[in-house]
Amino acid sequence: MIYRILLAVLLMFFSSCGYKTVQHNKENQQVYCITKIKLPTAQETALDVLSRSISEAVLSSGNRLQCSGETTRFIEVVVSSLSVRPIGYSVSQRASVYKVSIDMLFTVKNRKNEVLLQKRIKEMTQYTGTGLNADIEKRYAIEEIGRIIGIRVYSLLNSNG
């Protein structure tokens with residue numbers, strides 16, 4: 001009997017948990033296009049992570065991402081430095097802690113090529129893994145800095161429209 005009551009209480013608790021839908025104002029919606037992401041060295045992983053993070057930030061802010069005649073805003077990202085360094089090692093002498101830092105210039109222009117928003121973003125983080133798969137953990141470290149960049153871009157787009 002007590003188990004049935006406990007189960008009923010748990011079901012009521014978990015059924016009340018859920019996501020709240022977000023309603024974005026369609027009148028202020030802009031159409032963005034990422035025209036350039038320039039890295040100082042050829043790093044496909046960093047290029048992939050940055051383009052995905054910025055794309056998600058644009059979409060999360062209630063705007064559209066489309067490179068067409070409807071585009072009203074153009075995003076350019078110039079990364080002046082990206083550093084991924086191992087700073088800690090596991091017992092088996094494999095890199096297990098990575099320090100990642102990025103310095104980039106985020107620019108939004110309109111159709112007339114006028115700068116609407118320009119912000120230098122400098123971020124640093126570290127990622128701690130197990131040291132068993134160093135290449136995979138290096139990618140996770142880059143993805144961690146990408147999440148932070150996505151949050152910064154989201155806040156910039158929401159504050160300046």
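This is a predicted model: local features need pLDDT of at least 70, side-chain atom pairs count only at pLDDT 80 or more; totals for chains, interfaces and linings use all residues.
Residues are numbered from 1 along each chain as its sequence is written, and side-chain values use heavy atoms, leaving out hydrogens and water.

Let's start with the sheet. It is open and built from five strands in the order β2-β1-β3-β4-β5, with mixed pairing. Helices (H or I, at least four residues) and strands (E, at least two) are DSSP runs, numbered from the N terminus, and two strands pair if DSSP finds at least two bridges between them. β2 (64-65) and β5 (115-128) are the edge strands; each has a single partner, so one side of each lacks a neighbour in the sheet. Strand β4 (residues 95-109) runs antiparallel to β5, and 13 bridges join the two. Within this pair, F106 sits opposite K119 of β5.

Now for the disulfide, meaning a pair of cysteine sulfur atoms within 2.5 Å. The structure has one: C33 and C67, whose sulfur atoms are 1.8 Å apart. The torsion about their S-S bond is about 95 degrees, so the disulfide is right-handed. C33 belongs to strand β1 and C67 to the loop between β2 and β3, so the bond ties together parts 34 residues apart in sequence.

Is each cysteine buried (under 20% relative accessible area), exposed (over 50%) or partly exposed in between, using a 1.4 Å probe and protein chains only? C33 is buried at 6%, and C67 is exposed at 55%.
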